[in-house]
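Trainee: I am new to this structure and would be grateful for a close look at a single part of it. Please let the account proceed from that part to its surroundings.

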Amino acid sequence: MVNPKDNKHLSKKELADCYYGIPSSPDARAHLDSCTDCQNAYSDLRGHMEWIAADYERQATSALDPYFFAREAQAIMSRVRASRSSLSFLFARWRWFAASAAFLVVLVGALTVHTSQRQYKRLWDQAHTVVAEFGPVSPNPNEFISVFDDGNSNPGFPIGPDVQDSELFGSD
Amino acid sequence: MDTEHFDLDDREIVRAVQQGDTERFEGLVRKYQPRAYRIAHYYLHDQEEARDVVQESFLLAFKHIQRFRGDAKFSTWFVRIVINLSLNRLRKRRTPLFWKRWHYPRKESGSSVGETDQVVQRVADPLPNPEQQTLNRELGLRIRKAIDALPEKQKTVFILRHLDGLSIKDICQVTGMAEGTVKSYLSRSAVRIQEMVKRYYGEPEG
């Protein structure tokens, strides 16, 4: 039977749309309900899909032995356990990394302090050498004399090779 | 599919694994492994590769299980991983094809039988008539080639609907597509397969 309206069978797309419940024109649905050829084509489509599903299923599983999945589950779990221990190892490595980083910081700090101290000591020594070489300015001898000078009564106490004994002690 | 662990609550298992009970993960492995294997095989048509993909998928799921917050079903999340890894394999396989052909020439040169045919030939066909078996194998091969040639999204939708048996709603959750898009992809792939079948039987395409 054909569609009385347009005298045409449903196209493959219309059939597929009906099969998947895609809202198509009401005419298409009505035609499918009334046309034996289109109903056969629709059944063919459904049959093909079921055949494909069965064929794929057979293909995927027929070559497997009955213990395949049990064996595979064990293999997967051993890999899962290994990955877990490797994850913990990774964390442990991170801990080691953190410890190493802290140690490095301390080491670099100590080295810096040590180097700066050495540098300071070298500068200090250099300063001493300079001081020793050029020395501080020696005091003025007059300043030394003035220590014994009481100002008024004592006119001074001249010391020197040019001072005569008579000057010192007077004459008899 | 293995029904032994169907009664287990996925969320409960996931929570236990998240809290450090690794051994509970085996419940998920046993429950979803056959399905994952089938899906991977539907894409790859190779037992070893499907096996690898399933193992990688479970490892990946375990590694990132802390990220699973239970908003979606575990199966949805996991199937998405399997699909992505299978598609990655297919993409990798596609790229160096010329290289493979050059370095590993087909053993059965002179015949049109390829890798996929060998898989088909391993299949024990239950049909009694040898001629019918041959026809079915050839048709199966052509259909597989037609499905393999579908664009990735169409193929995924087709596999999930017809081979994995998911509902349209579940396909939307796995793929993140809108319902209309899923249906449209399904319709297009069905048309393409129908055309191929008609061509195979020499019927005029309508």
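Which residues of helix 8 of chain B are buried?

Mentor: Please keep in mind throughout that this is a predicted model. The buried residues of helix 8 of chain B are Gln154(B), Lys155(B), Thr156(B), Val157(B), Phe158(B), Ile159(B), Leu160(B), His162(B) and Leu163(B). The helix is thus mostly covered, with 9 of its 12 residues buried. Helix 8 of chain B runs over residues 152–163. From its first C-alpha to its last it reaches 15 Å, close to the 16 Å expected at 1.5 Å a residue. As a general point, an α-helix has 3.6 residues a turn, so residues three or four places apart point the same way. Just after helix 8 of chain B, Gly165(B) takes a positive phi of about 75°.

Glu152(B) pairs with Arg91(B), and their closest N and O atoms are 2.7 Å apart. This pair links distant parts of the chain, since Arg91(B) belongs to helix 4 of chain B and Glu152(B) to helix 8 of chain B, 61 residues apart. Glu152(B) is partly exposed, with a relative accessible area of 24%. Arg91(B) likewise counts as partly exposed, at 36% relative accessibility.

A second salt bridge within chain B joins Asp170(B) and Lys73(B), with an N to O distance of 4.0 Å. Asp170(B) lies in helix 9 (residues 168–175) of chain B, while Lys73(B) lies in the loop between helix 3 and helix 4 (74–94) of chain B; the two are 97 residues apart. Asp170(B) counts as partly exposed at 21% relative accessibility, and Lys73(B) counts as partly exposed at 45%.

Helix 3 of chain B, which spans residues 47–63, contains Glu49(B). Glu49(B) has a relative accessibility of 19%, and because the cut-off for buried is under 20%, Glu49(B) counts as buried. Leaving aside residues up to four places away in sequence, Glu49(B) touches Leu44(B), Arg89(B) and Arg93(B).

From helix 3 of chain B the account passes to the other chain. Arg51(B) meets Glu72(A) in a salt bridge, at 2.6 Å from N to O. Glu72(A) lies in helix 4 of chain A and Arg51(B) in helix 3 of chain B, so this pair joins two chains. Glu72(A) is buried, with a relative accessible area of 6%, whereas Arg51(B) is partly exposed, with a relative accessible area of 24%. Another salt bridge is formed by the side chains of Glu23(B) and Arg81(A), at 2.7 Å from N to O. Across the interface of chain A and chain B, the rule finds 5 salt bridges; over all chains, the count comes to 19.

The interface may now be described as a whole. In it, 38 residues of chain A are in contact with 51 residues of chain B. The area buried between the two chains is about 4,300 Å², and carbon and sulfur atoms give 64% of it. Lys12(A), Tyr20(A) and Tyr56(A) supply 19% of the area that chain A buries against chain B, more than any other three residues. Between chain A and chain B, 13 residue pairs are in polar contact, with both residues at pLDDT 80 or more. On the side of chain A that touches chain B, helix 1 (12–19), helix 3 (36–61) and helix 4 (68–134) of chain A each supply at least two residues. The largest share, 14 residues, comes from helix 3 of chain A. By class, this side of chain A has 22 nonpolar, 6 polar and 10 charged residues.

Chain A has 6 helices and 0 strands, and along the sequence its pattern reads α-α-α-α-α-α. Of its 172 residues, 19% count as buried. Among the contacts in chain A with a separation of 6 or more, residues 24 or more positions apart account for 49%.

Key
Residues are numbered from 1 along each chain as its sequence is written. Chains are lettered from A and ligands numbered from 1 in the order in which they are written. This is a predicted model: local features need pLDDT of at least 70, side-chain atom pairs count only at pLDDT 80 or more; totals for chains, interfaces and linings use all residues. Side-chain values use heavy atoms; hydrogens and water are left out. Contact means heavy atoms within 4.5 Å. Buried area is the accessible area (1.4 Å probe) that two parts lose on being put together, summed over both. A polar contact is a pair of N or O atoms within 3.5 Å; within protein, one must be able to donate a hydrogen and the other to accept it, and residues adjacent in sequence count only if both atoms are side-chain atoms. Helices (H or I, at least four residues) and strands (E, at least two) are DSSP runs, numbered from the N terminus. Ala, Val, Leu, Ile, Met, Phe, Trp, Tyr, Cys and Pro count as nonpolar, Asp, Glu, Lys and Arg as charged, and the others, Gly among them, as polar. The expected span of a helix is 1.5 Å times one less than its number of residues. Buried means under 20% relative accessible area, exposed over 50%, partly exposed in between (1.4 Å probe, protein chains only).
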